Amino acid sequence: MTAKHARIMIFDTTLRDGEQSPGCTMNQQEKLRLAHQLDLLGVDVIEAGFPIASDGDFESVRAIALAVRRPIIAGLARACRLDIERAWEALKDAARPRIHVVLATSDIHLKYKLRITRDQCVQQAREAIRFAKSLCGDVEFSPEDATRTDPDFLCRVLEAVVEEGATTLNIADTVGYTVPSEFGDLITTIRQRVKGIENVTISAHCHNDLGMAVANALAAVLAGARQVECTINGIGERAGNASLEEIVMAMRVRPDRFAYETGVIGDQIFPASQLLSEITGVPVQPNKAITGRNAFAHEAGIHQDGYLKNPLTYEIMTPQSVGVPDSKLVLGKHSGRHALSIRCEQLGYQFDRRALDDIYRRFVRLADKIKKVEDHHLLELIRDTHKPSGSATPLIEPMVAAKAAAANASSTELELSNPFPVGPQTNAFGVPLPVPSDAHEQTQQEDYLWGV
Ligand code: KIV
Ligand code: ZN
C-alpha cells in the first residue's frame, strides 16, 4: 500500500447486528472468544452488543471492554437516557469506549414506529447525543432507515447531532433498499450540505436485502465514507450485513478501483469465519465469496487444467491471502484428465495416456451416478480397470507406499499444498508446471481434451 491510499476503518458488528441473525445468538464466553479473534483480525472497532437488551448482553459488552484493549469497543443504545446510561456502564472501563446511538429518521419509522414528528426527532437526537457526549468522548450517531429518509430532513438531523458533538455519522441502509449509485450520491449530498461534516467520520451500514450490501458500502467509500460497518460471513438481520471479508478483499484485489487500505490481517479472515461458524453452529454458505468452502475449489476440467498450469487463470487471489490453507480440485463429472491423473498419482498410481483415458471414461460414468467420487471409489475403479484379465493398458506399478499413504485416501478434494511429489518445476503455488513430453506435444485437440 502506498501513502496515497486512504485508510478505511473497519467497524465489525458481528457481535451485535450479526448476532441478530436468527440462530446466531452467542453467550458471554462465545462472544469473548470471537472478540479476541476480531482483535487478531485487526478490525478497528468491535461493536460488542446492545447492553440494554439483556443482562447477558450487558455482561458480554463489559467483559469484552475489559479484556480486549486495542480496538475501540462500541455498545449500542437507542436515543434515550436509560439505554445510554446502560451502554456507558458496560463500556466505561474499555481502553477506547464508544457509545453508538441510533434513532430512526424516515417518515415511515417516525409515523408508525416511534409516533413522533420530525421536530421531535431532531430534539430527541440532540438530547441523546448531548447526554452521551457528557459521558464519552467518542459518540457515533446512526439515523436508522437513512436511505428512506427525506434527504433534506436527514441533513437537518445530522447537522444537529454534529453540533452536539457526534464524532461519527453512520448512514444506515437499514432495510437494504438502496443501490450503489444512489447511496454514493447520498453520501456526497451529506458531505456537501451538513455543516461541520469535515470534522466527523462518515460511516456506511448496509444490509443485504437486495444482495447489494457490499457494493453499496464500497460506493459509500468512493463517495467519501471512511468507516464501513460489516460482519464476518455477512451475518446480520434478515439477509445480513455487508460482509467484512468481501469489502476488504475487494480493496486488496482491485486497488485500481478502490485505492484504500484497512488494518485487517488477511490470513486471519478464514479462521474468523470458521470460528464464527463453529460457535453459532451456522454453516457458511458453500459458494460464499472468500470464506465458503467452494471459494477456492475447482471442479470443471477446463478450469482445473488452467489452474494447474497457472493458478492465475482461475483465481484472483491466493487462498493463503485470506487464511485458507489451499485450493482444492474436486473430482466430479465435470472434471478432466489432468486433475484425475494427479489424484491417481497421489494415490500411488501413474498411467500412460491410453490407460488414463480408460480410467477417465469409467470415472465420468461413475461421477454421473454418484456426483462426488471419493478416493475409495477411485481406487476400486483403478483396480477394476486393471485386473490382470482386463482389456485396459496395464498400469505402471504403484509408486512407493509412503506416497500413497501421504495421499490420505479419504476424499477426492485435492488439497494442493504439496500435490505433486514428482516433477522439478513448480509454480507460485508449489504446483509443478507440466513437463513437455512426447505425449504432451501431440495435437492441440489432445491438449484440449486434457482439460475436459
Ligand atoms: O440497520 C440498522 O439501522 C442498524 C443501526 C443500529 C445502525 O443496525
Ligand atoms: Zn443493521
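These legends describe close-up views of a predicted model.

**View 1. The chain as a whole.** The chain holds 16 helices and 13 strands. It has 452 residues, and buried residues make up 46% of them. Take the contacts between residues at least 6 apart in sequence: 73% of these join residues at least 24 apart.

**View 2. A barrel of 8 strands.** The strands S2-S3-S4-S5-S6-S7-S8-S9 close into a barrel in that order. Their pairing is parallel. From one strand to the next, the twist averages 25 degrees.

**View 3. Strand S5 beside strand S6.** S5 covers residues 97-104, and S6 covers residues 139-144. The two strands run parallel and are joined by 6 bridges. One pair to look for is valine 101 with its bridge partner in S6, phenylalanine 141. Val101 also belongs to the largest nonpolar core, where it is among the residues with the most contacts.

View 4. Helix H2 spans residues 55-67. It lies across strand S3 (45-49), strand S4 (72-78) and S5. Relative to S3, H2 runs at about 150 degrees. Helix H5, residues 118-135, lies across S5 and S6. H5 runs at about 170 degrees to S5.

**View 5. The shell around ligand 1.** Ligand 1 is surrounded by Asp17, Leu76, Val102, Ser142, Glu144, Asn170, Ala172, Thr174, His205 and His207. Two elements, S6 and strand S7 (168-173), each give two or more residues to this shell. By class, the shell has 5 polar, 3 nonpolar and 2 charged residues.

**View 6. The largest nonpolar core.** This core has 98 residues. Those with the most contacts inside it are Val101, Ile171, Ala217, Ala220, Val228 and Ile247. Helix H8 (residues 213-222) supplies the largest share, 8 residues.

**View 7. Contacts of isoleucine 171.** Which residues does isoleucine 171 touch, not counting those up to four places away in sequence? They are Pro143, Ala146, Leu186, Ile187, Ile190, Ile202, Ser203, Ala204, His205 and Ala220. His205 is part of the shell around ligand 1. Ala220 is listed with Ile171 among the residues with the most contacts inside the largest nonpolar core.

Conventions. Residues numbered from 1 in each chain as written. Chains lettered and ligands numbered in written order. Predicted model: local features only at pLDDT ≥ 70, side-chain atom pairs only at ≥ 80, totals over all residues. Pairing = 2+ DSSP bridges. Helix = DSSP H or I, 4+ residues; strand = E, 2+ residues; numbered from the N terminus. Axes fitted to C-alpha atoms, helices over the stretch in contact; angles between N-to-C directions. Contact = placed C-beta atoms within 7 Å. Near = placed C-beta within 6 Å. Nonpolar A, V, L, I, M, F, W, Y, C, P; charged D, E, K, R; others polar. Core = buried A, V, L, I, M, F, W, Y, C linked by C-beta atoms within 7 Å. Buried ≥ 20, exposed ≤ 12 C-beta atoms within 10 Å, placed from the backbone.
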